[in-house]
Amino acid sequence: GWVNKCWGRTATYTADVDLACGRVVSLVQSGTTFRVGYLLLGIDTGPSVFPIGVTQHSALAGDPVVVCTEGYTSVTSASTNNAPNRGSVSSGPAIGMVVVGGTAAADQARMGFCAQNVAVSAGNNIFIKFTGFFQPT
(Lines give C-alpha, C1' and ligand atoms only; values in the text may rest on other atoms or scores of the structure.)
Protein backbone atom coordinates (compact mmCIF):
# COMPACT_ATOMS: atom_id res chain seq x y z
CA GLY A 1 0.00 0.00 0.00
CA TRP A 2 0.87 3.66 -0.03
CA VAL A 3 2.29 5.76 2.79
CA ASN A 4 0.63 9.00 3.84
CA LYS A 5 2.37 12.20 4.97
CA CYS A 6 1.46 14.49 7.85
CA TRP A 7 2.56 18.10 8.11
CA GLY A 8 1.77 18.51 11.79
CA ARG A 9 1.58 16.24 14.83
CA THR A 10 1.60 12.45 14.85
CA ALA A 11 1.25 9.78 17.51
CA THR A 12 1.71 6.02 17.45
CA TYR A 13 -1.14 3.77 18.61
CA THR A 14 -1.95 0.06 18.42
CA ALA A 15 -4.44 -0.98 15.73
CA ASP A 16 -7.55 -2.72 17.09
CA VAL A 17 -8.51 -4.03 13.62
CA ASP A 18 -6.76 -4.13 10.25
CA LEU A 19 -6.53 -0.47 9.16
CA ALA A 20 -6.05 1.02 5.69
CA CYS A 21 -3.89 4.06 5.03
CA GLY A 22 -5.64 7.45 4.85
CA ARG A 23 -8.61 6.56 7.07
CA VAL A 24 -10.04 8.42 10.06
CA VAL A 25 -9.68 6.58 13.35
CA SER A 26 -11.02 6.90 16.87
CA LEU A 27 -10.23 5.32 20.23
CA VAL A 28 -11.58 1.83 20.95
CA GLN A 29 -11.47 0.36 24.44
CA SER A 30 -9.82 -3.06 24.48
CA GLY A 31 -9.93 -4.43 28.01
CA THR A 32 -8.10 -1.92 30.18
CA THR A 33 -6.27 -0.23 27.30
CA PHE A 34 -7.22 1.93 24.34
CA ARG A 35 -6.39 1.12 20.74
CA VAL A 36 -7.50 2.76 17.49
CA GLY A 37 -10.17 1.57 15.08
CA TYR A 38 -12.24 3.08 12.30
CA LEU A 39 -14.39 6.06 13.24
CA LEU A 40 -17.92 4.86 13.97
CA LEU A 41 -21.20 6.67 13.47
CA GLY A 42 -23.65 7.35 16.21
CA ILE A 43 -24.58 9.57 19.07
CA ASP A 44 -22.08 10.71 21.63
CA THR A 45 -22.04 7.50 23.69
CA GLY A 46 -18.38 6.53 23.63
CA PRO A 47 -14.91 7.28 22.33
CA SER A 48 -15.50 5.49 19.00
CA VAL A 49 -17.44 8.50 17.64
CA PHE A 50 -14.71 11.07 18.30
CA PRO A 51 -12.09 11.36 15.51
CA ILE A 52 -8.50 11.43 16.79
CA GLY A 53 -6.64 11.37 13.48
CA VAL A 54 -5.83 9.88 10.08
CA THR A 55 -3.75 6.74 9.53
CA GLN A 56 -0.40 7.34 7.84
CA HIS A 57 0.06 3.73 6.67
CA SER A 58 -1.84 0.45 6.70
CA ALA A 59 -1.54 -1.75 9.78
CA LEU A 60 -2.71 -5.19 10.88
CA ALA A 61 -4.66 -5.64 14.12
CA GLY A 62 -2.24 -5.51 17.06
CA ASP A 63 0.48 -3.69 15.12
CA PRO A 64 1.61 -0.10 15.75
CA VAL A 65 0.14 2.56 13.47
CA VAL A 66 1.19 6.20 13.07
CA VAL A 67 -1.75 8.62 13.15
CA CYS A 68 -1.78 12.30 12.11
CA THR A 69 -3.54 13.87 15.11
CA GLU A 70 -3.39 17.46 13.88
CA GLY A 71 -2.20 19.08 10.67
CA TYR A 72 -2.32 18.63 6.91
CA THR A 73 -2.72 15.12 5.53
CA SER A 74 -4.60 13.05 2.93
CA VAL A 75 -7.78 11.13 3.72
CA THR A 76 -10.01 8.85 1.63
CA SER A 77 -13.19 10.48 0.32
CA ALA A 78 -16.49 8.57 0.47
CA SER A 79 -18.09 10.86 -2.10
CA THR A 80 -17.42 12.65 -5.37
CA ASN A 81 -17.22 16.43 -5.28
CA ASN A 82 -16.34 18.46 -8.37
CA ALA A 83 -15.69 21.69 -6.43
CA PRO A 84 -14.67 20.95 -2.84
CA ASN A 85 -13.59 24.59 -2.27
CA ARG A 86 -10.88 25.36 0.22
CA GLY A 87 -12.31 25.78 3.68
CA SER A 88 -15.31 23.47 3.24
CA VAL A 89 -16.01 21.16 6.20
CA SER A 90 -15.03 17.51 5.80
CA SER A 91 -17.15 15.07 7.80
CA GLY A 92 -17.13 11.30 7.93
CA PRO A 93 -20.20 9.10 7.65
CA ALA A 94 -18.57 6.05 5.99
CA ILE A 95 -16.05 3.65 7.50
CA GLY A 96 -13.08 5.89 8.20
CA MET A 97 -13.78 8.06 5.14
CA VAL A 98 -14.92 11.67 4.78
CA VAL A 99 -17.61 13.52 2.86
CA VAL A 100 -16.38 16.74 1.33
CA GLY A 101 -18.33 19.97 1.12
CA GLY A 102 -21.52 18.72 2.77
CA THR A 103 -23.28 20.32 5.68
CA ALA A 104 -22.54 18.32 8.81
CA ALA A 105 -25.42 17.50 11.13
CA ALA A 106 -25.54 17.41 14.91
CA ASP A 107 -24.14 14.21 16.45
CA GLN A 108 -21.63 13.89 13.62
CA ALA A 109 -17.85 13.91 13.58
CA ARG A 110 -16.09 16.83 11.91
CA MET A 111 -12.69 16.23 10.34
CA GLY A 112 -11.51 19.74 9.60
CA PHE A 113 -11.23 21.66 6.35
CA CYS A 114 -10.45 20.97 2.70
CA ALA A 115 -7.02 22.17 1.67
CA GLN A 116 -7.59 21.76 -2.06
CA ASN A 117 -10.10 22.94 -4.65
CA VAL A 118 -9.49 20.22 -7.25
CA ALA A 119 -12.29 17.69 -7.89
CA VAL A 120 -12.19 14.44 -5.92
CA SER A 121 -13.85 11.10 -6.74
CA ALA A 122 -15.25 8.62 -4.24
CA GLY A 123 -12.51 6.28 -3.04
CA ASN A 124 -9.72 8.74 -3.87
CA ASN A 125 -7.74 10.88 -1.46
CA ILE A 126 -8.33 14.50 -0.59
CA PHE A 127 -5.89 16.83 1.15
CA ILE A 128 -7.31 18.25 4.40
CA LYS A 129 -6.34 20.19 7.49
CA PHE A 130 -7.27 17.68 10.19
CA THR A 131 -8.74 19.25 13.33
CA GLY A 132 -11.17 16.54 14.36
CA PHE A 133 -13.97 17.04 16.85
CA PHE A 134 -17.50 15.81 17.54
CA GLN A 135 -20.53 18.10 17.37
CA PRO A 136 -23.21 16.88 19.79
CA THR A 137 -26.80 18.12 19.65
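**Cross-links in the predicted model**

Cys 6 is buried, at a relative accessible area of 13% (buried being under 20%, exposed over 50% and partly exposed in between, with a 1.4 Å probe and protein chains only). This is a predicted model, with residues numbered from 1 along each chain as its sequence is written, and local features need pLDDT of at least 70, side-chain atom pairs count only at pLDDT 80 or more, and totals for chains, interfaces and linings use all residues. Side-chain values come from heavy atoms, with hydrogens and water left out.

What does Cys 6 pair with? A disulfide (two cysteine sulfur atoms within 2.5 Å) joins Cys 6 to Cys 68, with S to S at 2.3 Å. Cys 6 sits in the segment before E1 and Cys 68 in strand E5, so the bond ties together parts 62 residues apart in sequence; strands (E, at least two residues) are DSSP runs numbered from the N terminus. The S-S torsion comes out at about 45 degrees, so this disulfide is right-handed. Cys 68 is buried too, at 0% relative accessibility. Searching the whole structure turns up one disulfide. As for other cysteines, Cys 21 is buried at 5%, and Cys 114 is buried with a relative accessible area of 5%.

On the charged side, the count is one salt bridge, taken as a side-chain nitrogen of Lys or Arg within 4 Å of a carboxyl oxygen of Asp or Glu. Here the side chains of Glu 70 and Arg 9 meet, N to O at 3.2 Å. The pair links distant parts of the chain, with Glu 70 in strand E5 (residues 64–76) and Arg 9 in strand E1 (residues 7–14), 61 residues apart. Glu 70 is partly exposed at 33%, whereas Arg 9 is exposed at 57%.

Terms used:
Helices (H or I, at least four residues) and strands (E, at least two) are DSSP runs, numbered from the N terminus.
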